[in-house]
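Here are a few friendly notes to read alongside the model.

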Amino acid sequence: MLLSDRDIKKEVESGRVKLDPYTPELIQPASIDVRLDRYFRVFENHRYPHIDPAEEQPDLTRLVEPAGREPFVLHPGEFVLASTYEVVTLPDDLAGRLEGKALAVDTPIPTPAGWRAMGELRPGDEVFDEHGRPARVVGATPAMLGRPCREVVFSDGQSLVADLSHGWETRTRSERRRGRPGSVRTTAEIARSLRAGGEWNHHIPLAGPARYPSQAFSGEPYELGRRIGERVQAGLLDSVPGPWLRSSVQQRRALLQGLLDSGGKADRGGRCEFVTTSESAADAVAELAAGLSCRPVKQKTATARCGVEQQPSYRVRFTWREHAHSSRAIVDVREAGPRPVRCIEVSSPSGQFLAGPGFIPTHNSSLGRLGLLTHSTAGWIDPGFSGHVTLELSNVATLPIKLWPGMKIGQLCLFRCSSPSEHPYGSPVYGSRYQDQRGPTPSRSYLNFYRTDV
C-alpha cells in the first residue's frame, strides 16, 4: 500500500521514518521530494580495459565536489553517480522507491508507426511532441503498482488516467486573462483548483497536427475519401484502412474532406459534422480530426422507426483548426483506483508527448523535460535501509545541464509491507553492501560476486 501525505507525516513525526535533514514543505500528496547533494562520481573509463563486476576497481570513478556555491556541469552523453542530500532511514515494514510521473500502462499513445500502449514503449521508440513532431523515447520506468490514480476528464469527452504526481502544462483562468503562459501542474494540484470564478480553471493547448510519414495511395486522397464515404453510407464498407489514417498531414486533410463531402457537412464557420451507422467509420473520422488538431466529439444516438428501435447512429462534430478553439478544458478529476502506471522520458525540448485518442499533450517529470534522466541505482529501497540514496544521472540533451546542490531531484514514495521483514536490510544474513553509505557510492558487487556453471 502506497502511503499518503498524511501517513508519511505520521511516520516521520513518530521517528520510524527518518530524513536528515527533514523539511515538511517537501511532502507531496503521495511522496516526499528529495534533493541533490554536492558530491558526484565521474567515471574514469580510461583506467581499465573493461568493467569487471567480479573485481574491485577503486579507480573506476573519481569523487568530485563543486567549489563553493558553483554547480556541477553534466555534459551531453555523460553519465555520473550522485546522491540524495537527505539520509533516508526506513523501518522494517516500509519500503521506498524513487519515482517519476506516470500514466496508466494501457493508455493508447500515438506514434509515427501507429498506436502503442504506454506499457509497450521502449527507449528508442518514437512518439509525438506537442507540436506533432516525432520525438524519441530516451528512458522508461518499469510498471509501478499501488499508486493512487485519477481519471482526468476533458471538455471534449476525452479522458486519461494518471497518478497524482503526473504533470500537465495548463493555463489557468488568471493566466489566460492576463495573457501569461501556462505552467506545469500535477494531477493533485489540478484537482484542488478545478474551477475559478465560475469557469473551468485549467486549459490544455491543442497539439499541432501529428506528422506521420507519407503513404502510397492508389489515387488522390480526396477522391478515395469521397468514395469510401459513399460506400460507408451505403452499408458496403465499415471503416477506413488503418494506414490511410496515419498518412501525411496533407493526405489526411484531403481524405477527411472527401469523407465529409460524401457523408457529412460543413458550414462557413468551419463547423463540421459526419453521421453514420458504422461506429468504426465514426472512430476513423474522429481519429483523423483529432490528429489534425480539430478536437472532435463523438456522440451515439438511438434511432427508432414506427416505434421499432433501429441501428444507432454515430455523430462526429468538430471545427477545422483555423476556426477552432485553441485548447480543451479539464472538467473533472475523479477517483480511478490504483492501477499499473508507467512514466517515460522523451527527447522533445518541452518534455511533452501526446497521449490518448484525443492526441492530448502531457508531460515527463520536470527534470526529464530538460534532458536529465534520474534513476535510483536500486529499484527498491529495502526495509531497514539507512544512508544516502545513490543516483544515476544521464544527460540526453544536446546542451550541458547545470546541477545545483539542494535542487529537487526526485520523489520518494513509501510502501507498507504485508508484514515486517524477518531480516531487514543491514542484517548479516543478506550481506547488505550499501548500508550506511554516505555520498555517491560506487559498485561493491565484487563483495558478493559468485559464478555458476551454465
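**Notes on the model**

1. The lining of the largest cavity divides by class into 6 nonpolar, 2 polar and 2 charged residues. Here Ala, Val, Leu, Ile, Met, Phe, Trp, Tyr, Cys and Pro count as nonpolar, Asp, Glu, Lys and Arg as charged, and the others, Gly among them, as polar. The residues concerned are Leu206, Ala207, Ala290, Ser293, Cys294, Arg295, Pro296, Arg328, Gly358 and Phe359.

2. A word on the basis: this is a predicted model, in which local features need pLDDT of at least 70 and side-chain atom pairs pLDDT 80 or more, while totals for chains, interfaces and linings use all residues. Residues are numbered from 1 along each chain as its sequence is written, and side-chain values use heavy atoms, leaving out hydrogens and water.

3. The largest cavity holds about 50 Å³ of space. A cavity is a set of points, on a 1 Å grid over the protein atoms alone, where a 1.4 Å probe fits but cannot get out; lining residues have an atom within 4 Å of a point. Points are joined across faces, edges and corners, and the volume is the space filled by probe spheres set on them. The count comes to 2 cavities of 30 Å³ or more.

4. The second largest cavity has about 40 Å³ of space. Its lining consists of Leu2, Ala30, Arg147, Pro148, Asp163, Leu164 and Ser165, by class 4 nonpolar, 1 polar and 2 charged residues.

5. Do look at helices α4 (residues 221–233) and α6 (residues 249–263), whose axes come within 7 Å and cross at roughly 35°. Axes are lines fitted to C-alpha atoms, for helices over the stretch in contact, with angles from 0 to 180 degrees between N-to-C directions. Helices (H or I, at least four residues) and strands (E, at least two) are DSSP runs, numbered from the N terminus. The contact (heavy atoms within 4.5 Å) includes Tyr222, Leu224 and Ile228 of α4 and Ala254, Leu255 and Leu259 of α6. By class it has 7 nonpolar, 8 polar and 3 charged residues.

6. Which strands form the open sheet? The order is β12-β13-β29, with antiparallel pairing; two strands pair if DSSP finds at least two bridges between them. β12 (126–128) and β29 (344–346) are the edges, each with a single partner strand, so one side of each has no neighbour in the sheet. Neighbouring strands are turned by 50° against each other on average, direction ignored.

7. Strand β13 (residues 134–140) pairs with β29 over 3 bridges in the antiparallel sense. Gly139 lies opposite Glu345 in β29.

Terms used
1 Å grid on protein atoms, 1.4 Å probe; cavity = no way out; pocket = protein on both sides within 12 Å on 5 of 7 lines; lining within 4 Å.
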